[in-house]
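Look over the model before reading on.

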Amino acid sequence: MKIGKREFDTARKTYVMGILNVTPDSFSDGGKYQKPDQAFRRVETMIAEGADLVDVGGESTRPGYSMVSEEEEMERIVPVIEGIKSRFDIPISVDTYKAKVAQAGIAAGADLVNDIWGLKYDGDMAGIIAKTGTACCLMHNRKEPAYKQFVKEVVSDLKESVSIALDAGILPDKILLDPGVGFGKTYENNLEIINRLEELGSLGYPVLLGTSRKSVVGLTLDLPAEERIEGTLVTTVFAVMKGCAFVRVHDIQENVRAIKMAEAILNSTAGR
């Protein structure tokens, strides 16, 4: 899979997407990287620690979040994306579900659109992604966690997102899927989808897992956001074992090391 200028071997490796929230209110790191200079220093550190791409978000989507206007979101992300593009050689993702914001992010230099509503929120999103040839990550989401056959319905919902993408002209090799841990799911749902990630792989697209510091870790270990690294690392190892292509995380170095160790163990039996 090609994102920006970089080729990713999504069938054989797990890559790290570093989270860069340029927001005042994100649940874990809100306010830390609001100013462009702060953001650029963070990206420099992430690259040094082994990040493979950077996901820039201008609106918090934590539980109970307040929606910001398209204009405000663009004001937050565009200078940061432009600055990253001019300073560093790393693919950039823009984390938004609004077509106008995505378009601005792509114009600023974003190589991937990370849509938490899987193209189902804004009817113009799929067309913009297709027209620009940008890669996309389509996340599973629902307004309410009401399911009869949970995993089967997640797969079905993601198939709908893929159909929207393909119908709009997005190429199959430009699509990632995300199970949406923490979005439209109960605590038990979140644990189950992590445990059954390989069932998303049956759709034939690379999978991204985003669990970093999330409530599923906090509730399991009874820990605040800043103390959830170890729990996150366990989910990252699960992602490697289940064949995920990407993990989206805050703590780069720790997750890079966990992936390297997990891959070494798995590859030790590859020739048998």
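Which residues are linked with Asp55 in a network of salt bridges? Asp95 and Arg248 are the partners in that network. This is a predicted model: local features need pLDDT of at least 70, side-chain atom pairs count only at pLDDT 80 or more, and totals for chains, interfaces and linings use all residues. Residues are numbered from 1 along each chain as its sequence is written, and side-chain values use heavy atoms, with hydrogens and water left out.

**Salt bridges**

- The whole structure holds 17 salt bridges (a side-chain nitrogen of Lys or Arg within 4 Å of a carboxyl oxygen of Asp or Glu).
- Arg248 bridges to Asp95, with the closest N and O atoms 3.2 Å apart. Arg248 lies in strand β10 and Asp95 in strand β5 (residues 92-95), so the bridge ties together parts 153 residues apart in sequence. Strands are DSSP runs of E, at least two residues, and helices are runs of H or I, at least four, numbered from the N terminus.
- Arg248 is buried at 15% relative accessible area, and Asp95 is buried at 12%. Buried means under 20%, exposed over 50%, and partly exposed in between, with a 1.4 Å probe and protein chains only.
- Asp111 pairs with Lys85 at 3.0 Å between the closest N and O atoms. Asp111 sits in the loop between α3 (99-108) and β6 (112-115), and Lys85 in helix α2 (residues 70-87), 26 residues apart.
- Asp111 is buried at 13%, whereas Lys85 is partly exposed at 37%.
- Glu192 and Arg196 meet at 2.6 Å, N to O. Glu192 is partly exposed at 28%, and Arg196 is partly exposed at 28%.

**Aromatic rings**

- A search of the whole structure gives five aromatic pairs. Rings of Phe, Tyr and Trp (its six-membered ring) pair if their centres lie within 6.5 Å; planes under 30 degrees apart are stacked, over 60 edge-to-face, and the rest tilted.
- Phe8 and Tyr15 are edge-to-face, at 4.8 Å centre to centre and 90 degrees between the planes. Phe8 is buried at 3% relative accessibility, and Tyr15 is buried at 6%.
- Tyr15 and Phe246 form a tilted pair, with centres 5.7 Å apart and planes at 35 degrees. Tyr15 is in strand β3 (residues 15-21) and Phe246 in strand β10 (residues 246-249), 231 residues apart.
- Ring pairs join Phe8, Tyr15 and Phe246 into a cluster.
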